Structure formats: C-alpha cells, structure tokens
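Reader: I'm new to this one. Can you walk me through it? Please show me the structure before we start.

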Amino acid sequence: MTLIIEQFLCRGDNYGVLVHEPEAGLTASIDAPAERPIRDALAARNWRLDRIFTTHHHGDHVEANLPLRTAFGCTIVGPAGEADKVPGIDEPVKGGDTFMFGAFEVRVIDTPGHTLGHISYWLPAAGVAFVADTLFSLGCGRLFEGTPAMMWESLLKLRALPDETGIYCGHEYTEANARFALTIEPDNPELVARAEEVKRLRAMGEPTLPTTIGLEKATNPFLRADAPGMGARLGMANADPVAIFAEIRRRKDNFR
Ligand SMILES: [Fe+2]
C-alpha cells in the first residue's frame, strides 16, 4: 500500500498538503490555506479533490474550504469541538474516531491547546500524522485558547506515536524555532546538528518538514519539559512538567 504526499507552501509560511491514495483514486487536502496553490498542486498531478481534513478553525487553515467544495464537491471532515467555526464542515469528528481513506485507516487525536477543538490525523499504516499547529519542528503552537496543561497532554499523545512517524506541520517555522531551542539546550548535540541541517536546508529554499517523532523527542524543547535536568536548567528544579512546559512556552512567546 502506498500513499503519495505532496507538500507545498501557501500564503508565505503555511504548508498545503495533498494526500493521494492511488488504488482508490482518492485525494485529500490537509486543511485548506489558500485556493490557488491547492488547485495548482491538484492540476499538476491531475488529481481531483475528494476530502478536506480540517485541523482547526483558524482562517489560514480553512480559508479555501468553501471555494474548494464549490469547485470539486469535496467532503469536509473537521473538529466536532469547533464545528461551528469551520466553514462548510460536513463530517465532524473527535478524538478516538476512526474512518477509512481508501485502504488507509485514519485515527483522530484530540490535540487542544492552540485552539480548544484542534485535532490531528494519524494514518498508522502510512506512518504519518498531520498535526497542523499543535507540534512544529523544534516548536509547538501558541496557546491562543487552551492552557499549558492541555497543550502538554496533547504533545504527550503525539510523543507516544512511533518514533519513525512522519510529522507534517502547519507552518515552516523551524529556523526561528531552532534559534530559540538553542537558548534552552545549547549543549544538546542532536539539537545542534538539527539546527545546522535546518540552516542549510533553508539557505537552499528547501522545506525542513516533514519531521519525525523520534527527531523531535531528541531535539524539541517543548517535548522535553520532563527530560532529566530540564527543570534545573531553567532554575526550577523539582517543578512538574506542566510548569516547566509553561515556562518554556512563556520564554518562546517573549523571544525575539
Ligand atoms: Fe492556527
């Protein structure tokens, strides 16, 4: 079984992602940041759009929902928890739900924090997950609606996926995230190596995504709030992981 995944930039730093299941001849768009680049990517492959998998209600993820549904008659799957804010939603889903996309099972994971209803889509047989603005490479989403405890729980769910899981994120933020991550763990050799790789990729105009859970576990400070010595490094030895995570998030919010 194969799944073909196309990733392309939309509106600056948003990623558009198309997922094609060749046996069933089905194509899904992960979110719908902008109509034109998604239609161009479909046309380049001669695919037609059957589904949109919405992760959360922010405008830069749902803007093209209605124009694409009008153009293709596609079905829009999205988060039940914020269904009232997702234009054109046809099939609300929530954590624990599963559905088929051709031969592939899709598992819905509740990942609130960035927004209260944010969901992620995991395709175990394909070894990929679409996490939008919950987890970024070397970063995580801002807490616009949720609490640190909520986001930490969401990140723990993603961290529990197999190490080799390919992680597709909503934005190309990795280079700025790397600069911040190095202020938290300047002596983490895997982080230093990843930061160099990211710099090299971006200098060539290449994407730094998808990443993997294994790589993020080793390098992403937001997944490492409970790593040995992290609290002490931040001057908060004996603090619990949620407090340490909240402090890392607070520092990132103020980082320039
Ligand atoms: Fe967002």
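Reader: Let's start with two histidines. Are histidine 56 and histidine 58 buried or exposed?

Author: Both histidine 56 and histidine 58 are buried. Keep in mind that this is a predicted model.

Reader: Which protein donors does the iron ion have?

Author: The donors are His56 through NE2, His58 through ND1, His114 through NE2 and Asp133 through OD. They lie 2.2 to 2.3 Å from the iron ion.

Reader: How are those donors spaced along the chain?

Author: The spacing reads H-x1-H-x55-H-x18-D.

Reader: And what is the geometry of the iron ion's site?

Author: Irregular. The angles among the four donor atoms run from 84 to 177°. Tetrahedral would require every angle to lie between 85 and 135 degrees, so this site does not count as tetrahedral.

Reader: New topic. Where does glutamate 172 lie?

Author: Glutamate 172 is in the loop between strand S13 (166-169) and helix H5 (174-184).

Reader: What is the nearest side chain of opposite charge to glutamate 172?

Author: That is arginine 202, 4.1 Å away. A salt bridge needs the atoms within 4 Å, so glutamate 172 has none, although it is buried.

Reader: Which side chain makes a polar contact with glutamate 172?

Author: Tyrosine 15 does. The two side chains are joined by a polar contact of 2.5 Å.

Reader: What else is glutamate 172 in contact with?

Author: Setting aside neighbours within four places in sequence, its contacts include Leu9, Asp13, Pro207, Thr208 and Leu209. Tyr15 and Arg202 are on that list too.

Reader: How many salt bridges are found in the whole structure?

Author: A search finds 16. One of them joins the side chains of arginine 11 and glutamate 63, at 3.0 Å from N to O. Arginine 11 lies in the loop between strand S1 (4-10) and strand S2 (14-21), and glutamate 63 in the loop between helix H2 (59-62) and helix H3 (65-72), so the pair ties together parts 52 residues apart in sequence.

Reader: How accessible are arginine 11 and glutamate 63?

Author: Both are partly exposed. Arginine 11 has a relative accessible area of 43%. Glutamate 63 is at 47%.

Reader: Which residue does arginine 36 form a salt bridge with?

Author: Aspartate 40. The closest N and O atoms are 3.2 Å apart. Arginine 36 and aspartate 40 are four residues apart in helix H1 (residues 35-45), so about one helical turn separates them.

Reader: Why does a spacing of three or four places matter in an α-helix?

Author: An α-helix has 3.6 residues a turn, so residues three or four places apart point the same way.

Reader: And the exposure of arginine 36 and aspartate 40?

Author: Arginine 36 is exposed, with a relative accessible area of 53%. Aspartate 40 is partly exposed, at 42%.

Reader: What about aspartate 226 and arginine 159: what do their side chains form?

Author: They meet in a salt bridge of 2.8 Å, N to O. Aspartate 226 is in the loop between helix H7 (213-219) and helix H8 (230-233), while arginine 159 is in helix H4 (residues 148-159), so the pair ties together parts 67 residues apart in sequence.

Reader: Now the backbone. What kind of peptide bond joins leucine 209 and proline 210?

Author: A cis one, with omega about 0°. Proline 210 sits in the loop between H6 and strand S14 (211-212). Most peptide bonds are trans.

Reader: What is phi for asparagine 46 and leucine 138?

Author: Asparagine 46 has a positive phi of about 60°, and leucine 138 a positive phi of about 65°. Most residues other than glycine have a negative phi.

Reader: Where do asparagine 46 and leucine 138 lie?

Author: Asparagine 46 is in the loop between H1 and strand S4 (51-53), and it is exposed at 71% relative accessibility. Leucine 138 is in the loop between S11 and S12. Leucine 138 is buried, with a relative accessible area of 0%.

Key
Residues numbered from 1 in each chain as written. Predicted model: local features only at pLDDT ≥ 70, side-chain atom pairs only at ≥ 80, totals over all residues. Heavy atoms only, no water. Donors = N, O, S within 2.8 Å, 3.2 Å for Na, K, Ca; no water. Tetrahedral: all angles 85-135°; square planar, octahedral: opposite > 155°, others 65-115°. Buried < 20%, exposed > 50% of the residue type's maximum accessible area, 1.4 Å probe, protein only. Helix = DSSP H or I, 4+ residues; strand = E, 2+ residues; numbered from the N terminus. Lys, Arg positive; Asp, Glu negative; His and termini not counted. Polar contact = N/O pair within 3.5 Å; in protein donor to acceptor, adjacent residues only side chain to side chain. Contact = heavy atoms within 4.5 Å.
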